[in-house]
Amino acid sequence: MTHLNTTNIPSHSLKGRIILITGASAGIGKSAALYCAEQGATVILLGRNLKKLEAVYDAIEASNEAINALEAEKRPQPAIYELNLKTASEQDYKALSQVISTEFGRLDGLLHNASELGQLGPLEHTSASSWQEIIQVNLTAPFLLTRALLPLLHQSANGRILFTSSSVGRQGRAYWGAYAASKAGIENLMQTLAGELEASRIKVNSFNPGATRTAMRAAAYPAEDPTQVKSPDSLAPVYGYLLSEQSPWHGEQLSWGPL
């Protein structure tokens, strides 16, 4: 297993790349989106909360304006796509693919970041509806989204698909129920897809960011001091590198390592 952090990733470029990020309105997704945009990528912000997506969009545009005033070549404008992974249908994913095809003609990177924690507790007390909702958001939606966007990723010279994983997806843990099962499914989905795309130009990996200061982390560990946990911004360069054409791995379970 390869451990990554900001001290062991080489220089990389995202200039000209088109990258879609799910869960881009907050936390890791937001930080990754801001970083990728700063590095010259066209970022497609996908999420269910339009107001929050617009705030990220505005932050990218404000940064672009500052940079454009200093550089001759202008930074690309981001895009927003509102989609609720809890309720999205196959047709919704096909519609998204068509929009990206019409607007950009290809997709260079896909970051699966959106995730639902659910209520932690014993499996015997987990309702069927809660189980199904977590599996829908964390596993079924990434499958359907990836399937819909694969034709566009094949149009890229160096396509990258990155699944955000978790330690409980690599080793089950009591009381983490549907969330752990969904992340274990993500690892298997990544490995299966990597095998099927072995001969293609697309590289597929998973990345476990470890303990990070997000709303999900606070919900899972309410007594934890958030100042003792790394910020999402510290992960952004790693996510950016894994979505760049310089990233060499394929079919790997990557993890955040200590500084």
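This is a predicted model: local features need pLDDT of at least 70, side-chain atom pairs count only at pLDDT 80 or more; totals for chains, interfaces and linings use all residues.
Lys 15, Gly 16, Gln 39, Gly 40, Thr 42, Glu 71, Glu 73, Lys 74, Arg 75 and Pro 76 line the second largest pocket. The volume of the second largest pocket is about 160 Å³. Sorted by class, its lining has five charged residues, four polar ones and one nonpolar one. Pro counts as nonpolar, and Pro 76 is among the residues of this lining. Lys 15, Glu 71, Glu 73, Lys 74 and Arg 75 also belong to the lining; Lys, Glu and Arg count as charged.

The largest pocket holds about 1,100 Å³ of space. Its lining is made up of 42 residues. Nearest to the centre of this pocket lie Asn 113, Ser 115, Glu 116, Thr 214 and Met 216. Several elements give two or more residues to the lining: helix H1 (27–38), strand E3 (42–47), helix H5 (167–170), helix H6 (177–196) and helix H7 (215–220). H7 provides the largest share, with five residues. In the lining as a whole, 18 residues are nonpolar, 17 are polar and seven are charged.

How are such spaces found? Empty space left between atoms shows up when a probe the size of a water molecule is rolled over them.

The aromatic residues come next. The structure has four aromatic pairs. One of them joins Trp 176 and Tyr 179 in a tilted arrangement, with 5.9 Å from centre to centre and 55° between the planes. Both Trp 176 and Tyr 179 are buried. Is Tyr 241 buried or exposed? Tyr 241 has a relative accessible area of 4% and is therefore buried, since the cut-off for buried is under 20%.

Arg 173 lies over the face of Trp 176, 5.5 Å from the ring centre. Over the ring of Tyr 221 sits the charged end of Arg 217, at 3.9 Å from the centre of that ring.

Definitions and conventions. Residues are numbered from 1 along each chain as its sequence is written. Side-chain values use heavy atoms; hydrogens and water are left out. Rings of Phe, Tyr and Trp (its six-membered ring) pair if their centres lie within 6.5 Å; planes under 30 degrees apart count as stacked, over 60 as edge-to-face and the rest as tilted. Buried means under 20% relative accessible area, exposed over 50%, partly exposed in between (1.4 Å probe, protein chains only). A charge sits over a ring if NZ of Lys or CZ of Arg is within 6 Å of the ring centre and within 35 degrees of the ring normal. On a 1 Å grid over the protein atoms alone, a cavity is a set of points where a 1.4 Å probe fits but cannot get out, and a pocket is an open set with protein on both sides within 12 Å along at least five of seven lines; lining residues have an atom within 4 Å of a point. Grid points are joined across faces, edges and corners, and a volume is the space filled by probe spheres set on the points. Helices (H or I, at least four residues) and strands (E, at least two) are DSSP runs, numbered from the N terminus.
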